[in-house]
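Student: I'd like to learn how to read a model like this one. Can you walk me through it?

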Amino acid sequence: MACERSPLLAHGVFSMVADNGDSRRGSSAAGDGSSKANPRTLNTFFGVIVPTILSMFSIIIFLRTGFVVGHAGLLYGLLMLGVAYFIISLTILSICAISTNGAVQGGGAYFMISRSLGPEFGGSIGLMFFLAKVCACGVYVLGLVEAILNIFGQDAAVGMAQGIRVLPQGYWFSVLYSSVLLLLCLVVCLVGAHIYAKASFITLIVVTVAVLSILISPLIVGPRHFNLTHMLDHNHTIIHGVYTGFNSSTLANNLGPGYSLDYSTNKMMSFSTVFAVLFTSCTGIMAGANMSGELKNPSVAIPKGTIIAVLYTFIVYVLLFLLLSSTCDRLFLINDYAVFQRINVWPPFVIVGVYCASLSAAMCSLIGASRILHALAVDQLFGLPLAPAAITSSSGNPWVSVLYTWALVQCTLFAGQLNVIAGLVTVFYLLAYAAVDMACLALEWASAPNFRPTFQLFSWHTCLLGMLSCLVMMFVINAVYSSASIVMLLLLLLFLHYRSPTSSWGYISQALIFHQVRKYLLMLDSRKDHVKFWRPQVLLMVSNPRSSCQLISFVNQLKKGGLFILGHVQLGDLDMLPTDPVQQQYNFWLSLVDKLDVKAFVDLTLSPSVRQGTQHLLRITGLGGMKPNTLVLGFYDNCYPEDYFLQDPAFCEGADKGSGSSAGSEGDHFGVDLPSLQAHFPPVRHTESPRFLQPDEYVGIISDAIKMGKNVCLARYFFQLPLEGKGTYAKSGDSSDMIDVWPSNLLSADGSGSFADVCSLFLLQMACILNMAARWRRARVRIFLCVEAESGDQGWLAKEERFRELLGKLRIRATIKIVTWDRVVRLLRGTDSTAPPVASEEFLSAVNSLLKEHSTSAAVRFLYLPQPPANSRQSQQYLAQLDAVTQGLGPTLLIHGLTPVTCTEL
């Protein structure tokens with residue numbers, strides 16, 4: 001049975017057995033023991049606080065704090081720091097809300113987003129966040145190499161006399177050193193995350209000691225002067241840096257910005273480039289969330305640990321900004337990344353802190369990225385390319401995903417400089433943070449009763465502000481990277497959408513749609529209806545879709561953006577049944593709607609008779625101002641229908657395989673595959689089949705609908721409409737197709753009377769609506785007016801003129817054909833003028849011949865449906881007359897309209 005841990009997709013070459021539960025069983029030799037071998041052992045401190053602090057300190061606190069203060073100044077530096085922490089604080093509120101709203105599994109941010117926004121957003125944002133982690137790992141490794149070469153490099157980048165300078169420098173040497181260090185991180189990660197968690201506490205102690213030594217050094221170390229040497233255009237440039245100790249003049253000089261060239265990249269710095277470097281220090285807030293699979297209680301540990309870690313790092317950064325701006329001149333800060341090392345009471349403190357923080361942050365990013373990739377692979381969102389990443393060791397360590405991640409990080413090391421990829425890392429992280437805020441915002445706006453996080457310090461305002469802040473800062477930092485990342489995100493969304501992954505996670509889009517539709521339905525007031533905006537809202541009663549598919553597709557063309565409901569009555573009495581059989585049928589009918597590609601709802605009911613069931617549907621179907629105003633029935637005759645399922649390739653075996661999905665895939669069909677869909681609907685009626693609907697009951701349904709004020713349409717011979725499948729008509733002549741309208745009541749002696757009563761105008765409106773549909777747009781509308789030309793009364797000429805004028809006012813483009821039917825009317829009136837007209841068989845045959853003579857070439861015909869008889873004993877005669885008139889005509893719609901639907905006003 002599907003659950004939160006079930007694989008997302010289970011079809012194609014990546015399929016796994018759904019009953020396995022956790023898909024790790026299909027990819028790991030550990031089998032059933034995988035979950036037991038991977039216990040949750042980390043608490044809040046070791047699992048969240050420690051990795052988050054180390055990720056946020058990393059290389060930036062030691063090697064780029066002076067860079068930020070030197071270029072931006074104290075005030076702008078604090079502004080950058082405030083903006084950065086404001087953004088991440090809003091995102092943290094969203095993280096805390098989502099993580100306290102249910103059980104959080106492995107995958108951290110990816111798990112939260114995917115289970116909140118669905119597979120498309122979850123998969124695309126998850127992959128982007130994975131790439132952000134990969135690039136961040138490269139930043140930390142490159143920063144560590146930079147720190148090592150500052151001490152041990154042969155050609156010093158700055159004027160330092162101490163150190164054993166034995167390591168050659170250059171681009172390829174930097175790549176080599178980075179690769180060796182990354183290999184060391186790989187070994188630790190392959191051993192397991194628990195080794196890193198234990199070692200990270202020692203690393204945190206070392207880093208804390210290094211930070212404390214920096215804070216107390218100005219109290220011990222006196223003023224100093226330094227000569228800094230840089231290579232610019234193959235020339236050695238010597239710059240004099242001054243450390244003044246706490247000095248008000250130094251503080252005053254460092255208050256404002258002073259952007260200049262960065263000596264490592266030789267590029268001009270600006271607010272955005274400096275902010276990009278600074279924000280890299282804030283990208284570790286999800287380090288704890290990414291360890292969610294190893295946390296004992298992630299719903300408690302993630303919010304509590306993340307907030308504590310962020311507050312701690314913010315205080316430390318503010319103190320360091322104040323310290324540097326009060327003790328070092330701007331030239332010193334701008335031209336020496338290792339400023340903390342030079343002014344420290346004992347430089348090895350800083351050196352060891354840099355090495356430990358950088359190495360720890362790199363391993364944290366490598367582990368976090370591998371866990372995200374493993375979660376993506378387990379959910380099978382990207383199929384075969386990521387399938388091996390789902391493999392785990394006997395202890396539950398996803399070693400294949402670690403290798404994948406290591407290979408990608410190795411590619412980023414070819415950038416060679418930390419500042420080169422810092423902007424890309426920042427943009428990726430901001431996009432991921434915006435997605436988390438959007439996930440929380442969507443959950444809050446959906447107002448789902450089950451969204452009740454224990455963490456309450458958030459609102460939709462904080463989510464929206466956090467999301468917008470992230471998006472704005474993305475483009476402030478680097479518009480090119482931001483645009484490219486959004487394009488990449490959209491491509492991933494399209495890819496996952498067309499893979500059509502369905503899941504048991506729930507779709508936030510459905511909750512949002514429900515929320516909005518409910519609001520708009522309440523605003524849709526039926527008392528404000530106006531004839532100018534009338535449209536057909538159709539209830540089509542379907543006995544067996546095997547014989548009704550062409551009619552279903554035709555009505556889909558006829559609805560003109562209105563409501564379209566497929567109704568079906570299941571005969572039975574609920575008192576005599578253990579359960580309601582109707583509820584189990586909805587999935588089959590909805591799958592039929594998908595197969596036919598029609599925009600229709602489905603409403604089923606259980607009733608002792610078809611007539612009562614239709615009454616139920618006419619009364620209760622729809623909601624608010626969206627209720628059916630037109631009933632469409634198939635024609636009641638003695639013909640035996642054909643099985644459409646045997647004609648359309650979409651319903652034949654192998655159709656699912658041809659469309660790229662597996663017939664046995666439960667998730668893609670919501671539990672209804674093609675064989676079960678075919679088996680659900682019974683065979684079409686044949687000679688030995690009993691009829692569940694009698695003539696008097698059928699006519700009674702028509703009478704009931706008219707009494708309820710519904711328009712009624714009877715459809716005959718629509719199985720003759722060619723249909724290619726998926727609800728689209730086969731293209732025939734297009735421009736040669738004709739839609740014929742007979743607005744007169746051909747069964748009445750007054751058939752040549754008014755051509756513009758409510759029912760006649762309703763026929764014209766329906767024909768006009770059909771003519772607007774894409775398939776029928778090039779068809780020509782012909783209107784046939786029956787007149788008695790031989791009577792000597794020329795009043796019909798005036799009627800015709802008034803009718804043409806009316807068509808002009810109604811903006812209906814049609815050709816008017818005059819049909820003389822004096823001979824036919826005489827058959828109806830007989831020789832005795834005082835006797836009431838009687839529709840004899842001869843008269844009915846003459847009407848049928850008249851229709852065949854003039855409408856044989858039409859694609860579809862619209863005829864006037866007379867009022868059904870009040871006496872039920874005349875039902876058989878009524879149906880016989882309709883049968884005789886429409887015999888052999890082709891697709892015909894008999895319509896009785898009650899609703900005024902036309903308007904000549906603007």
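This is a predicted model: local features need pLDDT of at least 70, side-chain atom pairs count only at pLDDT 80 or more; totals for chains, interfaces and linings use all residues.

Student: How many helices and strands does the protein have?

Tutor: Helices (H or I, at least four residues) and strands (E, at least two) are DSSP runs, numbered from the N terminus. Here there are 31 helices and 14 strands. Buried means under 20% relative accessible area, exposed over 50%, partly exposed in between (1.4 Å probe, protein chains only). Of the 906 residues, 56% are buried.

Student: At what angle do H7 and H16 cross?

Tutor: Axes are lines fitted to C-alpha atoms, for helices over the stretch in contact, and angles run from 0 to 180 degrees between N-to-C directions. The axes of H7 (residues 119–152) and H16 (residues 399–412) cross at roughly 55 degrees and come within 9 Å. That makes the pair oblique; under 35 degrees counts as roughly parallel, over 145 as roughly antiparallel, 65 to 115 as roughly perpendicular and the rest as oblique.

Student: Which residues in H7 and H16 meet?

Tutor: Contact means heavy atoms within 4.5 Å. From H7 come Phe130, Val134, Cys135, Cys137, Gly138 and Leu142, and they meet Thr405, Leu408, Val409 and Thr412 in H16.

Student: What about aromatic pairs?

Tutor: Rings of Phe, Tyr and Trp (its six-membered ring) pair if their centres lie within 6.5 Å; planes under 30 degrees apart count as stacked, over 60 as edge-to-face and the rest as tilted. The whole structure has 28 such pairs. One of them is Phe554 with Phe718, tilted, at 4.5 Å centre to centre and 45 degrees between the planes. Phe554 sits in H21 (residues 549–558) and Phe718 in the loop between E7 (711–716) and E8 (723–725), 164 residues apart. Phe554 counts as buried because its relative accessibility is 0%, and Phe718 is buried too, at 4%.

Terms used: Residues are numbered from 1 along each chain as its sequence is written. Side-chain values use heavy atoms; hydrogens and water are left out.
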